Amino acid sequence: MSDWKNLILHGDCLDVIKKHIDILKGKVRLIYIDPPFFSGTDYTLKIRSDGDSQKAGNLQEEKTYSDKWEGGLQEYLDFMRVRLSAMKPLLKDNGSIWVHLDWHVSHYIKVILDEIFEYSNFVNEIIWKRTNSPKAQSKGFGSQHDVILLYAANASKFKTQQVYREFDEKSRRPYSYKDERGRFRLIEIEAQGIQRTEDRKQFEWRGRTAPYLYRKKILDEWWEAGLIYTSKNGRYTKKQYLSEVPGIPVSDLWIDISPVQGTSKENTGFLTQKPEALLERIIDSSTDSDDIIADFFAGSGTTAAVAEKMNRRWIICDSSEAAIRVIENRLGISRTSL
Ligand SMILES: C[S@@+](CC[C@H](N)C(=O)[O-])C[C@H]1O[C@@H](n2cnc3c(N)ncnc32)[C@H](O)[C@@H]1O
(Lines give C-alpha, C1' and ligand atoms only; values in the text may rest on other atoms or scores of the structure.)
Protein backbone atom coordinates (compact mmCIF):
# COMPACT_ATOMS: atom_id res chain seq x y z
CA MET A 1 0.00 0.00 0.00
CA SER A 2 3.04 2.32 0.03
CA ASP A 3 2.17 3.35 -3.55
CA TRP A 4 -1.28 4.60 -2.46
CA LYS A 5 -2.45 7.84 -4.09
CA ASN A 6 -5.39 9.87 -2.78
CA LEU A 7 -8.09 9.98 -5.44
CA ILE A 8 -10.81 12.40 -6.56
CA LEU A 9 -13.01 10.61 -9.08
CA HIS A 10 -15.90 11.91 -11.18
CA GLY A 11 -18.68 9.39 -11.75
CA ASP A 12 -21.42 7.24 -10.31
CA CYS A 13 -20.02 5.61 -7.18
CA LEU A 14 -21.15 2.18 -8.35
CA ASP A 15 -18.86 2.45 -11.39
CA VAL A 16 -16.07 3.90 -9.26
CA ILE A 17 -16.25 1.00 -6.80
CA LYS A 18 -16.33 -1.64 -9.56
CA LYS A 19 -13.40 0.01 -11.31
CA HIS A 20 -11.25 0.29 -8.19
CA ILE A 21 -12.27 -2.90 -6.39
CA ASP A 22 -8.73 -4.32 -6.58
CA ILE A 23 -7.11 -1.47 -4.67
CA LEU A 24 -10.02 -1.08 -2.22
CA LYS A 25 -11.23 -4.57 -1.31
CA GLY A 26 -10.71 -5.20 2.42
CA LYS A 27 -8.57 -2.07 2.78
CA VAL A 28 -10.92 0.75 3.78
CA ARG A 29 -11.11 1.55 7.51
CA LEU A 30 -13.97 4.05 7.26
CA ILE A 31 -16.69 4.75 4.74
CA TYR A 32 -18.69 7.91 5.41
CA ILE A 33 -21.50 8.67 3.00
CA ASP A 34 -23.97 11.52 2.89
CA PRO A 35 -26.10 10.46 -0.09
CA PRO A 36 -29.28 12.11 -1.40
CA PHE A 37 -31.94 11.94 1.35
CA PHE A 38 -35.04 11.43 -0.88
CA SER A 39 -35.88 15.04 -0.10
CA GLY A 40 -37.59 15.87 -3.42
CA THR A 41 -35.33 18.91 -3.96
CA ASP A 42 -32.89 20.13 -6.63
CA TYR A 43 -29.67 21.35 -5.03
CA THR A 44 -27.41 24.17 -6.11
CA LEU A 45 -24.03 25.72 -5.59
CA LYS A 46 -24.14 29.38 -4.61
CA ILE A 47 -21.30 31.48 -6.03
CA ARG A 48 -21.02 35.05 -4.80
CA SER A 49 -18.96 37.48 -6.87
CA ASP A 50 -17.16 40.29 -4.99
CA GLY A 51 -18.89 43.64 -4.97
CA ASP A 52 -17.29 47.04 -4.58
CA SER A 53 -18.28 50.37 -3.01
CA GLN A 54 -20.43 51.18 -6.09
CA LYS A 55 -22.14 47.88 -6.72
CA ALA A 56 -23.15 44.90 -4.59
CA GLY A 57 -21.77 41.50 -5.64
CA ASN A 58 -23.94 39.05 -7.58
CA LEU A 59 -25.16 35.71 -6.37
CA GLN A 60 -25.13 33.00 -9.03
CA GLU A 61 -26.59 29.57 -8.61
CA GLU A 62 -25.53 26.44 -10.46
CA LYS A 63 -27.36 23.12 -10.25
CA THR A 64 -25.30 20.44 -8.50
CA TYR A 65 -27.59 17.42 -8.12
CA SER A 66 -31.20 16.42 -8.07
CA ASP A 67 -32.80 14.49 -5.24
CA LYS A 68 -36.07 13.91 -7.14
CA TRP A 69 -36.95 10.33 -8.03
CA GLU A 70 -39.39 9.68 -10.90
CA GLY A 71 -39.87 6.09 -9.79
CA GLY A 72 -40.57 7.25 -6.23
CA LEU A 73 -39.34 5.64 -3.05
CA GLN A 74 -38.77 2.22 -4.62
CA GLU A 75 -36.39 3.66 -7.21
CA TYR A 76 -34.45 5.47 -4.49
CA LEU A 77 -34.21 2.38 -2.28
CA ASP A 78 -33.07 0.20 -5.22
CA PHE A 79 -30.41 2.84 -6.02
CA MET A 80 -29.14 2.80 -2.43
CA ARG A 81 -29.32 -0.98 -1.94
CA VAL A 82 -27.06 -1.81 -4.87
CA ARG A 83 -24.50 0.85 -3.89
CA LEU A 84 -24.43 -0.08 -0.21
CA SER A 85 -23.96 -3.74 -1.17
CA ALA A 86 -21.02 -2.77 -3.38
CA MET A 87 -19.40 -0.88 -0.46
CA LYS A 88 -19.47 -3.79 1.99
CA PRO A 89 -16.51 -5.81 0.64
CA LEU A 90 -14.29 -2.72 0.75
CA LEU A 91 -14.22 -2.54 4.54
CA LYS A 92 -11.38 -3.86 6.67
CA ASP A 93 -12.37 -6.27 9.41
CA ASN A 94 -12.08 -3.50 12.02
CA GLY A 95 -13.70 -0.92 9.73
CA SER A 96 -17.07 0.82 9.80
CA ILE A 97 -19.61 2.55 7.59
CA TRP A 98 -21.42 5.73 8.64
CA VAL A 99 -24.53 6.59 6.62
CA HIS A 100 -25.80 10.14 6.99
CA LEU A 101 -29.53 10.65 6.35
CA ASP A 102 -32.57 12.38 7.83
CA TRP A 103 -36.19 11.60 8.67
CA HIS A 104 -37.20 11.00 5.03
CA VAL A 105 -35.72 7.51 4.65
CA SER A 106 -33.38 6.72 7.55
CA HIS A 107 -35.84 4.05 8.74
CA TYR A 108 -35.94 2.29 5.33
CA ILE A 109 -32.17 2.48 4.90
CA LYS A 110 -31.72 1.10 8.43
CA VAL A 111 -33.57 -2.07 7.36
CA ILE A 112 -31.46 -2.36 4.20
CA LEU A 113 -28.27 -1.86 6.23
CA ASP A 114 -29.42 -4.55 8.69
CA GLU A 115 -29.72 -6.94 5.74
CA ILE A 116 -26.41 -6.05 4.10
CA PHE A 117 -24.18 -5.43 7.13
CA GLU A 118 -26.22 -7.61 9.55
CA TYR A 119 -28.21 -6.41 12.51
CA SER A 120 -25.55 -7.71 14.90
CA ASN A 121 -23.06 -5.21 13.42
CA PHE A 122 -25.32 -2.23 14.03
CA VAL A 123 -23.50 0.06 16.48
CA ASN A 124 -25.33 3.38 16.78
CA GLU A 125 -28.01 5.67 15.51
CA ILE A 126 -26.45 9.09 16.01
CA ILE A 127 -28.66 12.15 16.16
CA TRP A 128 -26.93 15.31 14.95
CA LYS A 129 -28.71 18.54 15.85
CA ARG A 130 -28.00 20.42 12.66
CA THR A 131 -29.85 23.67 13.29
CA ASN A 132 -30.95 25.81 16.19
CA SER A 133 -33.79 27.35 14.23
CA PRO A 134 -36.13 24.80 12.63
CA LYS A 135 -38.67 26.12 10.14
CA ALA A 136 -42.15 26.76 11.53
CA GLN A 137 -44.59 24.08 10.30
CA SER A 138 -48.33 24.18 9.82
CA LYS A 139 -48.41 20.43 10.39
CA GLY A 140 -46.30 18.69 13.00
CA PHE A 141 -42.98 20.04 14.20
CA GLY A 142 -40.00 21.51 12.39
CA SER A 143 -37.12 19.08 11.91
CA GLN A 144 -33.87 19.97 13.63
CA HIS A 145 -31.76 16.86 13.28
CA ASP A 146 -30.08 14.43 10.91
CA VAL A 147 -29.48 10.75 11.55
CA ILE A 148 -26.17 8.93 11.12
CA LEU A 149 -26.37 5.13 11.09
CA LEU A 150 -23.15 3.43 12.15
CA TYR A 151 -22.38 -0.21 11.29
CA ALA A 152 -19.20 -2.14 11.97
CA ALA A 153 -17.84 -4.52 9.35
CA ASN A 154 -17.48 -6.95 12.24
CA ALA A 155 -18.75 -5.78 15.64
CA SER A 156 -16.34 -8.03 17.53
CA LYS A 157 -13.33 -6.34 15.87
CA PHE A 158 -14.61 -2.77 15.94
CA LYS A 159 -13.74 -0.21 18.61
CA THR A 160 -14.33 3.52 18.85
CA GLN A 161 -12.02 5.89 20.69
CA GLN A 162 -13.93 7.69 23.41
CA VAL A 163 -14.26 11.30 22.33
CA TYR A 164 -15.11 14.19 24.60
CA ARG A 165 -16.83 17.50 24.10
CA GLU A 166 -15.85 20.63 25.94
CA PHE A 167 -17.57 21.59 29.15
CA ASP A 168 -20.20 24.27 28.78
CA GLU A 169 -21.62 26.39 31.57
CA LYS A 170 -24.44 23.94 32.30
CA SER A 171 -22.22 20.87 32.56
CA ARG A 172 -19.73 22.76 34.77
CA ARG A 173 -22.48 23.57 37.30
CA PRO A 174 -22.31 20.33 39.38
CA TYR A 175 -18.62 21.12 40.07
CA SER A 176 -19.74 23.60 42.71
CA TYR A 177 -17.31 22.59 45.51
CA LYS A 178 -13.82 23.97 45.79
CA ASP A 179 -10.67 23.19 47.77
CA GLU A 180 -6.95 23.89 47.34
CA ARG A 181 -6.84 21.45 44.35
CA GLY A 182 -9.65 23.22 42.47
CA ARG A 183 -13.33 22.78 41.60
CA PHE A 184 -14.90 19.38 42.21
CA ARG A 185 -18.23 17.55 42.31
CA LEU A 186 -19.36 14.70 44.56
CA ILE A 187 -19.90 11.15 43.34
CA GLU A 188 -21.85 8.57 45.33
CA ILE A 189 -19.90 5.65 46.74
CA GLU A 190 -22.92 4.11 48.50
CA ALA A 191 -25.67 2.28 46.63
CA GLN A 192 -28.68 4.51 45.97
CA GLY A 193 -32.32 3.99 45.02
CA ILE A 194 -33.17 0.56 43.63
CA GLN A 195 -29.55 -0.62 44.05
CA ARG A 196 -30.03 -0.16 47.80
CA THR A 197 -32.97 -2.54 47.95
CA GLU A 198 -31.01 -5.27 46.16
CA ASP A 199 -29.32 -7.84 48.29
CA ARG A 200 -26.19 -5.70 48.70
CA LYS A 201 -24.00 -6.42 51.69
CA GLN A 202 -23.40 -3.55 54.10
CA PHE A 203 -20.07 -3.18 55.85
CA GLU A 204 -18.44 -0.79 58.27
CA TRP A 205 -15.81 1.61 56.94
CA ARG A 206 -14.28 4.44 58.96
CA GLY A 207 -17.16 4.58 61.45
CA ARG A 208 -20.05 4.31 58.97
CA THR A 209 -21.91 1.14 57.99
CA ALA A 210 -23.43 1.36 54.50
CA PRO A 211 -24.02 -0.61 51.25
CA TYR A 212 -20.75 0.61 49.68
CA LEU A 213 -20.29 0.23 45.92
CA TYR A 214 -16.53 -0.35 46.21
CA ARG A 215 -14.23 -2.66 48.16
CA LYS A 216 -12.51 -1.45 51.36
CA LYS A 217 -9.10 -1.51 49.66
CA ILE A 218 -10.22 0.94 46.96
CA LEU A 219 -11.99 3.18 49.49
CA ASP A 220 -8.79 3.28 51.56
CA GLU A 221 -6.71 4.27 48.51
CA TRP A 222 -9.11 7.15 47.80
CA TRP A 223 -9.02 8.17 51.46
CA GLU A 224 -5.18 8.27 51.42
CA ALA A 225 -5.26 10.31 48.21
CA GLY A 226 -7.56 12.89 49.86
CA LEU A 227 -10.41 12.07 47.48
CA ILE A 228 -13.09 11.27 50.07
CA TYR A 229 -15.42 14.05 51.16
CA THR A 230 -17.12 13.77 54.57
CA SER A 231 -20.44 15.57 54.89
CA LYS A 232 -21.68 17.16 58.14
CA ASN A 233 -23.77 14.05 58.94
CA GLY A 234 -20.76 11.73 58.41
CA ARG A 235 -21.73 10.39 54.96
CA TYR A 236 -18.89 9.76 52.49
CA THR A 237 -18.74 10.66 48.80
CA LYS A 238 -15.88 10.84 46.32
CA LYS A 239 -14.47 14.08 44.93
CA GLN A 240 -14.11 14.37 41.18
CA TYR A 241 -12.00 17.36 40.14
CA LEU A 242 -12.99 19.29 37.03
CA SER A 243 -9.34 19.56 35.94
CA GLU A 244 -9.02 15.76 35.84
CA VAL A 245 -12.02 15.16 33.61
CA PRO A 246 -11.09 15.33 29.88
CA GLY A 247 -14.53 16.70 28.96
CA ILE A 248 -18.02 15.32 28.61
CA PRO A 249 -18.02 11.86 26.99
CA VAL A 250 -19.81 12.15 23.66
CA SER A 251 -22.96 10.04 23.43
CA ASP A 252 -25.16 9.31 20.40
CA LEU A 253 -26.75 12.76 20.74
CA TRP A 254 -24.53 15.32 18.99
CA ILE A 255 -25.76 18.75 19.95
CA ASP A 256 -22.50 20.64 19.99
CA ILE A 257 -21.59 20.81 16.28
CA SER A 258 -22.97 23.78 14.37
CA PRO A 259 -23.86 23.64 10.68
CA VAL A 260 -21.59 25.40 8.19
CA GLN A 261 -22.21 29.12 8.64
CA GLY A 262 -22.56 31.40 5.60
CA THR A 263 -19.62 33.51 6.71
CA SER A 264 -17.33 30.69 7.85
CA LYS A 265 -14.03 30.03 6.06
CA GLU A 266 -14.98 26.43 5.28
CA ASN A 267 -18.16 27.42 3.41
CA THR A 268 -17.85 26.50 -0.28
CA GLY A 269 -21.37 27.57 -1.25
CA PHE A 270 -22.37 23.90 -1.72
CA LEU A 271 -25.87 23.73 -0.29
CA THR A 272 -25.66 20.39 1.52
CA GLN A 273 -22.08 20.82 2.78
CA LYS A 274 -21.47 19.25 6.20
CA PRO A 275 -19.25 20.87 8.85
CA GLU A 276 -15.63 19.78 9.18
CA ALA A 277 -16.13 19.34 12.95
CA LEU A 278 -18.63 16.55 12.24
CA LEU A 279 -16.16 14.64 10.09
CA GLU A 280 -13.36 15.30 12.58
CA ARG A 281 -15.37 13.56 15.27
CA ILE A 282 -16.20 10.58 13.03
CA ILE A 283 -12.63 10.18 11.75
CA ASP A 284 -11.10 10.73 15.19
CA SER A 285 -13.30 8.13 16.85
CA SER A 286 -12.99 5.36 14.27
CA THR A 287 -9.62 5.55 12.47
CA ASP A 288 -5.88 5.89 13.02
CA SER A 289 -3.18 7.74 11.11
CA ASP A 290 -2.63 6.45 7.57
CA ASP A 291 -5.94 4.57 7.45
CA ILE A 292 -7.88 4.75 4.19
CA ILE A 293 -11.17 6.67 4.27
CA ALA A 294 -13.74 6.65 1.47
CA ASP A 295 -16.65 8.95 0.70
CA PHE A 296 -18.63 7.94 -2.38
CA PHE A 297 -21.07 10.90 -2.29
CA ALA A 298 -18.43 13.52 -1.68
CA GLY A 299 -20.30 16.77 -2.47
CA SER A 300 -17.95 19.62 -1.60
CA GLY A 301 -15.25 17.21 -0.36
CA THR A 302 -15.56 17.72 3.40
CA THR A 303 -14.45 14.14 4.18
CA ALA A 304 -11.26 14.45 2.12
CA ALA A 305 -10.48 17.95 3.46
CA VAL A 306 -10.63 16.64 7.03
CA ALA A 307 -8.90 13.32 6.24
CA GLU A 308 -6.03 15.28 4.71
CA LYS A 309 -5.68 17.48 7.83
CA MET A 310 -5.79 14.38 10.05
CA ASN A 311 -3.12 12.53 8.13
CA ARG A 312 -5.35 9.82 6.69
CA ARG A 313 -5.39 8.49 3.12
CA TRP A 314 -8.60 8.93 1.15
CA ILE A 315 -10.64 8.23 -1.96
CA ILE A 316 -13.72 10.26 -2.84
CA CYS A 317 -16.08 10.47 -5.79
CA ASP A 318 -19.13 12.38 -6.93
CA SER A 319 -21.34 12.16 -10.01
CA SER A 320 -21.78 15.94 -10.28
CA GLU A 321 -19.30 17.92 -12.39
CA ALA A 322 -20.01 21.04 -10.27
CA ALA A 323 -19.22 19.14 -7.06
CA ILE A 324 -15.92 17.86 -8.48
CA ARG A 325 -14.90 21.43 -9.41
CA VAL A 326 -15.66 22.60 -5.86
CA ILE A 327 -13.54 19.72 -4.48
CA GLU A 328 -10.63 20.52 -6.80
CA ASN A 329 -10.66 24.15 -5.66
CA ARG A 330 -11.03 23.23 -2.01
CA LEU A 331 -8.20 20.69 -1.95
CA GLY A 332 -5.97 22.14 -4.64
CA ILE A 333 -5.77 18.67 -6.23
CA SER A 334 -7.09 17.62 -9.66
CA ARG A 335 -9.35 14.69 -10.34
CA THR A 336 -7.98 11.40 -11.61
CA SER A 337 -9.74 10.07 -14.68
CA LEU A 338 -11.94 7.03 -14.00
C1 LIG B 1 -25.61 15.55 0.36
S2 LIG B 1 -24.41 15.74 -0.86
C3 LIG B 1 -22.90 15.40 -0.02
C4 LIG B 1 -22.41 16.59 0.75
C5 LIG B 1 -21.04 16.35 1.41
N6 LIG B 1 -21.15 15.47 2.54
C7 LIG B 1 -20.41 17.65 1.85
O8 LIG B 1 -20.05 17.84 3.01
O9 LIG B 1 -20.26 18.52 0.99
C10 LIG B 1 -24.69 14.32 -1.85
C11 LIG B 1 -23.79 14.21 -3.07
O12 LIG B 1 -24.00 12.94 -3.68
C13 LIG B 1 -23.77 13.09 -5.07
N14 LIG B 1 -24.33 11.93 -5.77
C15 LIG B 1 -25.62 11.65 -6.05
N16 LIG B 1 -25.72 10.46 -6.67
C17 LIG B 1 -24.47 9.96 -6.78
C18 LIG B 1 -23.91 8.77 -7.33
N19 LIG B 1 -24.67 7.82 -7.90
N20 LIG B 1 -22.55 8.59 -7.25
C21 LIG B 1 -21.77 9.53 -6.70
N22 LIG B 1 -22.24 10.68 -6.19
C23 LIG B 1 -23.57 10.90 -6.21
C24 LIG B 1 -24.40 14.41 -5.40
O25 LIG B 1 -23.89 14.95 -6.60
C26 LIG B 1 -24.02 15.25 -4.16
O27 LIG B 1 -22.86 15.99 -4.40
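The model is predicted: local features need pLDDT of at least 70 and side-chain atom pairs count only at pLDDT 80 or more, while totals for chains, interfaces and linings use all residues. Residue numbers start from 1 along each chain, as its sequence is written.

**The sheet.** Helices (H or I, at least four residues) and strands (E, at least two) are DSSP runs, numbered from the N terminus. Four strands make up an open sheet in the order 9-10-14-13, with antiparallel pairing; two strands pair if DSSP finds at least two bridges between them. Strand 9 (177–179) and strand 13 (228–230) are the edge strands, each pairing on one side only. On average, neighbouring strands here are turned by 50° against each other, direction ignored. Strand 13 and strand 14 (residues 236–241) run antiparallel and are joined by three bridges. Ile228, for instance, has Lys238 in strand 14 as its bridge partner.

**The ligand.** Around the ligand sit 21 residues, the closest being Tyr65, Phe297, Gly299, Thr302 and Ser320; a residue gets in if its C-beta atom, placed from the backbone, lies within 6 Å. Strand 4 (59–66) and strand 18 (313–318) each supply at least two residues of this shell. By class, the shell has nine nonpolar, eight polar and four charged residues. Here Ala, Val, Leu, Ile, Met, Phe, Trp, Tyr, Cys and Pro count as nonpolar, Asp, Glu, Lys and Arg as charged, and the others, Gly among them, as polar.

**The helix pairs.** Axes are lines fitted to C-alpha atoms, for helices over the stretch in contact, and angles between N-to-C directions run from 0 to 180 degrees.

| Helix pair | Angle | Axes |
|---|---|---|
| Helix 9 (residues 302–309) and helix 10 (residues 321–331) | about 20° | 10 Å apart |
| Helix 3 (residues 72–87) and helix 4 (residues 106–117) | roughly 30° | within 10 Å |

The angle makes helix 9 roughly parallel to helix 10, a label for angles under 35 degrees. Ala304, Ala305 and Glu308 of helix 9 meet Ile327, Arg330 and Leu331 of helix 10, with contact taken as C-beta atoms, placed from the backbone, within 7 Å. That contact has four nonpolar, no polar and two charged residues.

For the other pair, helix 3 brings Leu77, Met80, Arg81, Leu84 and Ser85, and helix 4 brings Tyr108, Ile109, Ile112, Leu113 and Ile116. The class count for helix 3 with helix 4 is eight nonpolar, one polar and one charged.

Note on methods
Angles under 35 degrees count as roughly parallel, over 145 as roughly antiparallel, 65 to 115 as roughly perpendicular and the rest as oblique. Two residues are in contact if their C-beta atoms, placed from the backbone, lie within 7 Å.
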